[in-house]
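Please keep the structure in view while reading.

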Amino acid sequence: MLNIALPTGRMGEKAYRCFADIGYACPGMENQNRKLVFVDEKRGLRYMLVKPKDVAMYVEYGAADIGVVGRDVIMESQPDIYELLDLEFGKCRFAVAAPEGWHDDLSRPLRVATTYCHVTSEYFLSVGRQIETIMLHGSVELAPLIGLSDVIVDIVESGTTLRENKLVVVAEIAPSSARLIANKSSYQFNRELIDEIRSKMEAAK
Amino acid sequence: MANPNMSWEERLPMQLRSLYRSYGYQIYKMSDFETYDLYRENKNFLSDNNVLTFTDIDGRLMALKPDVTISIAKDTKPEEMIRKLFYSEHVFRRMPGANQFTEIKQMGLEYIGADTGYAEAEVISLACQSLAAINQEYFLGVSHMGYISALMDELKIDDPTQEILLQAIGRKSAGDIAIALKDICLTKKQQAAVFSLIDLPASLDEALDQLRSMALNTDMLNAISELEAVFSACEVWGLKPRLRMELSLLNDLEYYNGIVFQGYIKGLPRAILSGGRYDKLLQRFGKSQPALGFAIYLNDIWGAFVQPRDYDVDILLIYTDQTPCQIAEAVQEILAEGKTVLAAKDIPPEISARQVVQLNDILATKENDKC
């Protein structure tokens, strides 16, 4: 049985299409319902739908053999996994955003609101700027508007959310897209199948 | 030696000890503490920088050992040319993702003075036999830090870029390798050599051929010849099908300079065995001997392979006012049948027994038999 962890939401739908397109469709997956596990006994496949940020955890701990996850999640949680293929969808980028016309006051630590603490501290360490991280769980765009922080670090797709909140990108950190990942041990024991999935997906890109 | 009443987790360490002894390795015992400085100076040798420290009576900062190999390297005398050791110790580490220290049962083996060739094959074979003792379905991934470092020298990149590149190789991430190398001018051959590290054929011979065809200098070729010699000896032991070339497997270049390997067992998400050639660790202690070894993390195994027992004990023997002598005789008889026994006056609430026996009944039956 090959266990596949996919993120809920848009990226998960696209990821499932990738699997379906190369012949790994699973009955029931396309129905809109609240089921989280889908099993195809005949082909030995089990799909699980989990929170995007948990996909890497499921794979690292072996609950899933392979999975699809954004590079942003990998950069933040640094899981010990193999990253086998860039699926080239779900493209976005990590960026620092600030209110229009913002000027960095270097005389004091920069207050940064984010849901990505690790990426934030690594980035500001690399540019040598002292910061105070404000860890939030969502709607980070609000933080600079009400004075909770000076800037935010977040993933930016089209930039619409930023524009609507009168924020602009002041620095790019790193690009991200969906990746096919595998557990390091499972990969050794299911290598033929996992390699086949990877090469078919690469050909179908 | 092996008592049938022993649990698998008690038997396995004995089995491994006897395996290591049979190849001439002697047991190494160490104290639970070393000075903190020892670990601070060699922090990159440890997989995690967190060390559990305390202040000794004389004010020195001490540490509960997170590792055994560093102590063996430190304690090896310059004139001890050959030292074959194994150990079974508890180390104190922070587990990945956990915010607390854990006591980890570690067994390991170190071969000080190990030359290339046979010594490497012997250690690889012992690693394989150790894994097989846990589960027959295993793989040993093998890499060579000499090959990697000779390739890195060829690229002429700065240390931070090399760090990022090595991390990307460790994750087999072609995308991140491309990002790490994007501002660096490399020849086609150099690029191909880097990308081939993460995409080797499953077959050992094909993987070696690919690595040889990608070699850019004699150091890289020498590493391949060394691996070839080791694998041919492993073939004698029938271990070749269990070995995989896995050049994404990287240990710290500051300490490891030759063959390195990691053991995976079916059903366990992480490598449970890890080792390699660490001549450079001994050099840091001013010693010239080469050295090779591995460690097995036993904690990870128990949960996955030890079946929960249905009963704590075979027979729960309940006695009342019998003499100690009568009770002892009854216990002795049950043990002689090869069963486990717990003798108590009352039924202990949290013990589950296969069978509860009243000593009174046993004595009554015996009385009847006599008549």
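A residue is called buried if 20 or more other C-beta atoms lie within 10 Å of its own, exposed if 12 or fewer do, and partly exposed in between, with C-beta atoms placed from the backbone. A:S185 counts as buried because it has 24 C-beta neighbours inside 10 Å. This residue lies in helix 7 (residues 184–189) of chain A; helices (H or I, at least four residues) and strands (E, at least two) are DSSP runs, numbered from the N terminus. The model is a predicted one, in which local features need pLDDT of at least 70 and side-chain atom pairs count only at pLDDT 80 or more, while totals for chains, interfaces and linings use all residues. Residues are numbered from 1 along each chain as its sequence is written, and chains are lettered from A and ligands numbered from 1 in the order in which they are written.

Which residues does A:S185 touch, not counting residues up to four places away in sequence? They are A:G62, B:Y264, B:L268, B:P269, B:R270 and B:A271, where two residues are in contact if their C-beta atoms, placed from the backbone, lie within 7 Å. The contact between the chains takes 14 residues from chain B and 14 residues from chain A. On the side of chain B that touches chain A, six residues are nonpolar, three polar and five charged. In this classification Ala, Val, Leu, Ile, Met, Phe, Trp, Tyr, Cys and Pro count as nonpolar, Asp, Glu, Lys and Arg as charged, and the others, Gly among them, as polar.

Chain A is divided into domain 1 (2–90 + 177–204) and domain 2 (92–174), with bounds that come from an automatic or database domain assignment. The centres of these domains of chain A, taken over C-alpha atoms, are 30 Å apart. Five residues of domain 1 of chain A are in contact with seven residues of domain 2 of chain A.

Two residues of chain A deserve attention for their backbone. Most residues other than glycine have a negative phi. A:E88, however, has a positive phi near 60 degrees, and lies in the loop between strand 5 (82–86) and strand 6 (92–99) of chain A. A:S139 has a positive phi of about 45 degrees, and is found in the loop between strand 8 (131–135) and helix 5 (142–145) of chain A. A:E88 counts as exposed because it has 11 C-beta neighbours inside 10 Å.

In chain B, strand 11 (residues 291–297) is mostly covered, with seven of its seven residues buried. Strand 6 (residues 101–112) of chain B is joined to strand 11 of chain B by seven bridges, and the two run antiparallel; strands pair if DSSP finds at least two bridges between them. Here B:Y111 stands opposite B:L292. Strand 10 (residues 273–277) of chain B is also antiparallel to strand 11 of chain B, through five bridges, and B:S274 has B:A295 as its bridge partner.

Another part of chain B holds an open sheet of three strands in the order 13-12-14, with parallel pairing. Strand 13 (341–344) and strand 14 (353–358) of chain B stand at the edges, each with a single partner strand, so one side of each has no neighbour in the sheet. Five bridges join strand 12 (residues 313–318) of chain B to strand 14 of chain B, and B:L317 has B:V357 as its bridge partner in strand 14 of chain B.
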